[in-house]
Amino acid sequence: MNRWKSAAAVAVAAALALTGCSGGAKSTSSAGTGSTSGGTLTLGLIAQATTFSAADINWANEAPYGQAVFDGLLRANPDGTIVPWLAASYSYDTALTKLTMKLRTDVKFTDGTAFDADVAAQNIKRFRDGASPNKSLLAQVSDAKAVDPATLEIDLKAPDPALVTALTQNAGLMESPKAFTAADIKTNPVGSGPYTLDTKATVPGSSYTFNKNATYWAKDTVKYDKLVLKVFSDTTSMLNAIKGGQVNGANLTDNSLVDQVKATGYTINPQELDWTGLIILDRDGKLAKPLADPKVRQAMSYAFDRTALLKAIDKGYGTVTEQILPKSSPGYDAALDSTYTYDTAKAKALLAEAGYPNGFELSMPSSTLIPSSTWSIISSQLKDVGITVKYTDAGNNFISDMLAAKYPATWMRLQQDPTDWQIFNFEIAPSAVFNPFKASDDKVNAWGKTLQTGSAADAGAASKAMNAYIVQNAWFIPWYRVQSSFATDAKTTVKVQVGNAYPYLWNFAPKS
């Protein structure tokens with residue numbers, strides 16, 4: 001699942017007051033009995049495993065499935081720091097178009113096949129050419145080859161500052177080559193990871209059981225003897241499972257449940273992964289001429305009472321912001337978060353200066369998948385400064401219509417990626433997914449080039465300049481970073497993961 005689709009799905013799940021059956025029988029988890037390892041870790045998920053084929057596997061809320069059975073070339077710590085894993089070390093050439101990785105030589109897959117550079121190269125190319133929605137992570141890879149059994153070379157068409165981050169995710173997962181042609185590759189994974197899938201105890205789409213890999217090369221890092229991943233289709237069944245103590249941890253999709261979950265004795269582990277607000281898609285005014293004027297976009301930014309929006313829509317769980325870059329970004333500037341203090345008089349004055357003293361009409365998509373109150377609030381706040389919103393119900397086509405450049409502006413919730421280069425390519429660049437009108441700006445493009453090819457210092461400076469420019473020109477109208485709430489029981493600790501909707505498996509531990 002693409003992370004932006006995941007974010008949208010979470011927003012939808014949070015919006016719907018769904019009902020359903022309870023979560024099933026109570027877990028026999030023995031995690032947290034006072035030891036530092038052993039027992040069972042039972043986690044609640046909102047997504048089933050789409051596939052266990054490493055070349056096609058999804059990430060975000062599906063990450064635990066892949067991490068259970070596969071090892072990655074690299075790992076990401078909870079704070080996003082990249083550390084060695086199957087690749088013991090790595091380095092770039094001076095042109096930043098060749099990544100050389102020195103691999104471990106003591107790793108075997110569960111079918112007995114040895115892991116080596118040739119296997120790694122095959123996996124890299126299979127993912128690049130596969131069916132994963134995240135295959136674009138390796139779009140710059142022109143080739144991958146073994147120099148010798150312990151040395152992998154990855155050649156790039158152009159520098160890609162996000163490549164090593166991608167190799168900590170599904171793009172870097174390693175699968176046994178004997179599984180490539182197996183008839184059951186989608187349901188019976190063969191990796192070198194900490195667990196093996198117990199297919200007899202697994203009900204696809206409902207509950208997945210994994211047993212500890214007895215021959216795992218890094219067995220000291222495995223904290224549980226068994227892992228159970230339970231899938232919940234709605235917020236009610238997830239809440240019931242938490243109330244019944246049936247899961248050690250679960251990612252809440254609805255912040256209105258936080259108080260109830262706390263009352264059961266669970267701990268809320270917060271993270272602010274996504275920003276939410278408006279995207280000005282038509283910055284050149286092709287569909288809506290007024291949006292080509294920065295003063296109009298600035299007026300719209302002044303029109304929103306972000307603190308009130310956070311409280312009304314997400315129960316106050318989040319942090320008001322006016323920038324799409326996360327706090328972890330070198331380009332983040334706290335001062336920018338006070339650029340557009342709620343001021344309807346200022347908004348009206350800017351509209352008048354731009355030649356719209358009586359406002360204008362703005363077309364936007366809506367969807368019944370999102371609470372009607374969200375659309376009403378947007379319409380009301382813009383109406384207060386003279387802008388009349390005309391909604392078209394896009395239904396299940398909300399995202400596809402948005403990305404087809406059918407609307408000049410829209411509400412959306414998007415993730416804040418681990419690197420600025422990823423954010424640039426996702427939301428800002430002329431070819432970015434969330435720039436469907438292909439709006440282009442020479443200054444921003446130059447800063448993007450520096451993000452791609454410059455030194456860390458130069459890229460940081462470019463990020464800061466780009467961020468200030470985008471905020472000042474109101475390309476986006478963020479309201480706040482919404483809190484993602486991961487609940488853990490009294491037996492379990494977890495550290496949330498920078499850049500991912502679900503904590504990584506190695507972030508969990510039994511309480512001692």
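Residue numbers start from 1 along each chain as its sequence is written. Since this is a predicted model, local features need pLDDT of at least 70, side-chain atom pairs count only at pLDDT 80 or more, totals for chains, interfaces and linings use all residues, and side-chain values use heavy atoms, with hydrogens and water left out.

Me: How many salt bridges does a search of the whole structure find?
Reply: Side chains of opposite charge can pair when their charged atoms come close. Here a salt bridge means a side-chain nitrogen of Lys or Arg within 4 Å of a carboxyl oxygen of Asp or Glu. Searching the whole structure that way, the count comes to 12.

Me: Lysine 145 lies in strand β7, but which strand holds aspartate 155?
Reply: These two form a salt bridge, with their closest N and O atoms 2.5 Å apart. Lysine 145 sits in β7 (residues 141–148), so the pair ties together parts 10 residues apart in sequence, and the aspartate 155 end is in residues 151–156, strand β8. Strands (E, at least two residues) and helices (H or I, at least four) are DSSP runs, numbered from the N terminus. So the strand that holds aspartate 155 is β8.

Me: Is aspartate 155 buried or exposed?
Reply: Buried means under 20% relative accessible area, exposed over 50%, and partly exposed in between (1.4 Å probe, protein chains only). Aspartate 155 has 12% relative accessibility, so it counts as buried.

Me: How many residues apart are arginine 413 and aspartate 314 in sequence?
Reply: Their side chains meet in a salt bridge, 2.7 Å from N to O. Arginine 413 is in strand β18 (residues 409–415) and aspartate 314 is in helix α8 (residues 306–314), so the parts they tie together are separated in sequence by 99 residues.

Me: What is the relative accessibility of arginine 481?
Reply: Arginine 481 and glutamate 272 meet through their side chains in a salt bridge (3.2 Å, N to O). Glutamate 272 is partly exposed, at 29%. Arginine 481 counts as buried, with a relative accessibility of 2%.

Me: In β8, which residue is the bridge partner of lysine 102?
Reply: Two strands pair if DSSP finds at least two bridges between them. β6 and β8 run antiparallel, joined by five bridges. In β8, the partner of lysine 102 is threonine 151.
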